[in-house]
Amino acid sequence: MNIGIVCYPTFGGSGVLATELGKALADKGHVIHFITYQQPVRLSDSFHPNIFYHEVSVPTYPLFDFPPYESALSSTMVDVTINQNLDLLHVHYAIPHASAAYMARQILRTKGIEIPFITTLHGTDITLVGRDKTYEPVVTFSMNESNAITAVSQNLKAETLAYFNVTQDIEVITNFVDIKRFQLSNKDHFKKMLAPNGEKILTHVSNFRKVKRVDDVIHIFKNVRKLTPCKLLMIGDGPERQHAEQLCRDLGTCDDIRFLGKQEKLEEILSITDVFLLPSEYESFGLAALEAMACQVPVVSSNGGGLAEINEHGITGYLANVGDVDAMAKYVMDIISDEETLYKFKANALAHAKKYDIDNIIPLYEKLYEKVVKKSNE
Ligand code: GMT
């Protein structure tokens with residue numbers, strides 16, 4: 001199939017997921033056209049003959065205080081659909097991609113071309129931004145106009161049905177991980193560099209937005225550090241980073257914390273990690289936790305949103321109420337205090353992550369694509 005994928009090209013989970021999906025589909029012989037304003041981050045590491053990238057350029061004009069990105073995106077979708085003979089558009093993150101796809105589909109109809117579009121809901125497009133009344137009518141309308149809707153967890157499906165008047169079925173197709181790429185590898189030299197005295201390593205990966213509760217990560221670490229020598233790796237970047245760095249200074253924990261910024265070889269960092277921390281206010285799924293688990297890293301997380309679907313309490317890690325940093329610190333200690341327990345959690349994490357292997361999930365998307373294209377051709 002010729003498939004157009006629209007996503008945010010940044011380090012956010014929805015962009016990462018959409019890019020990995022496109023790469024996997026290309027490996028299976030589909031021709032993938034990414035339509036974004038910038039080359040997606042996870043696309044920069046490889047060349048694939050079945051992958052094309054179409055940049056959405058948004059010309060500025062003195063009249064525009066806000067350049068009309070959505071119009072530029074719709075026009076690019078129209079152009080790519082006609083010139084690349086697309087069968088389907090798959091848009092990730094509802095705002096503004098679903099309404100832009102709706103507009104493209106309407107324009108193409110006037111030219112005698114029928115292109116279906118699938119909207120995949122990822123999280124904050126529903127739970128934070130989409131619910132805002134500034135966007136809600138457009139989000140509801142464009143979801144209902146989608147030829148199919150998918151959500152990345154049961155929790156996100158339930159949230160969508162609770163807050164929006166959705167008149168069609170939402171299929172849950174979960175996040176996935178490439179077990180062949182995200183696997184534990186020997187990085188002892190790297191570990192020695194960061195934890196020269198055999199300290200345990202805790203890691204957090206996110207885009208440092210408020211919803212991630214980055215302060216909680218620092219507080220959990222402070223509590224654990226009181227009890228055992230350890231190091232914290234903070235991976236990613238975003239609006240809360242400066243504040244988090246200041247908090248480390250205020251708490252006097254800076255010597256043991258490294259802010260490493262955006263990293264592409266996450267699997268290497270996860271390979272030296274003992275426990276992954278994700279105390280978010282909400283996660284529709286928690287892709288970062290899944291990638292950690294695939295690298296045999298147990299997860300201590302909050303129970304916000306769909307995290308309980310991926311992190312099994314007492315098996316792959318532990319969950320605590322949002323904001324309960326004392327409980328989360330205790331759970332970290334429970335996992336790392338003896339090697340046998342740590343080993344058991346590591347093995348469980350990998351076994352659970354395998355259920356979400358890319359090879360199990362991609363066929364679900366392919367099946368949906370076939371169904372949607374067939375129906376739209378009837
Ligand atoms: O929160 C992020 O890291 C970015 C955000 C996005 O939409 O770009 O991620 C969401 O989508 C991911 C992939 O489906 C999910 O694994 C994350 O849980 C979800 N984030 C939230 O719900 C806060």
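This is a predicted model: local features need pLDDT of at least 70, side-chain atom pairs count only at pLDDT 80 or more; totals for chains, interfaces and linings use all residues.
Residues are numbered from 1 along each chain as its sequence is written, and side-chain values use heavy atoms, with hydrogens and water left out.

View 1. Although Asn85 is not a glycine, its phi is positive, at about 55 degrees. A cis peptide bond, with omega near -10 degrees, joins Ile95 to Pro96. Pro96 belongs to helix H3 (residues 94-110).

View 2. Domain 1 (2-176 + 357-377) and domain 2 (188-356) make up the division of the chain, with bounds from an automatic or database domain assignment. Their centres, taken over C-alpha atoms, are 30 Å apart. Domain 1 contributes 25 residues to the contact and domain 2 contributes 20 residues, contact meaning heavy atoms within 4.5 Å. The area buried between domain 1 and domain 2 is about 1600 Å², with 55% given by carbon and sulfur atoms; buried area is the accessible area (1.4 Å probe) that two parts lose on being put together, summed over both.

View 3. Between domain 1 and domain 2, 1 salt bridge is found, defined as a side-chain nitrogen of Lys or Arg within 4 Å of a carboxyl oxygen of Asp or Glu. Arg42 and Glu291 form a salt bridge in which the closest N and O atoms are 3.2 Å apart. On the side of domain 1 that touches domain 2, helices H1 (13-27), H4 (124-127), H6 (154-163) and H15 (358-377) each supply at least two residues. The largest share of that side, 4 residues, is from H6.

**View 4. Residues around the ligand.** Ser14, His122, Asn175, Arg209 and Glu283 come nearest among the 18 residues around the ligand, where near means a heavy atom within 4 Å. An N or O atom in the side chain of Ser14 is 2.8 Å from a ligand oxygen atom. For the side chain of Asn207, the corresponding distance from an N or O atom to a ligand oxygen atom is 3.2 Å. A polar backbone atom of Ser284 is 2.9 Å from an oxygen atom of the ligand.

Conventions:
A polar contact is a pair of N or O atoms within 3.5 Å; within protein, one must be able to donate a hydrogen and the other to accept it, and residues adjacent in sequence count only if both atoms are side-chain atoms.
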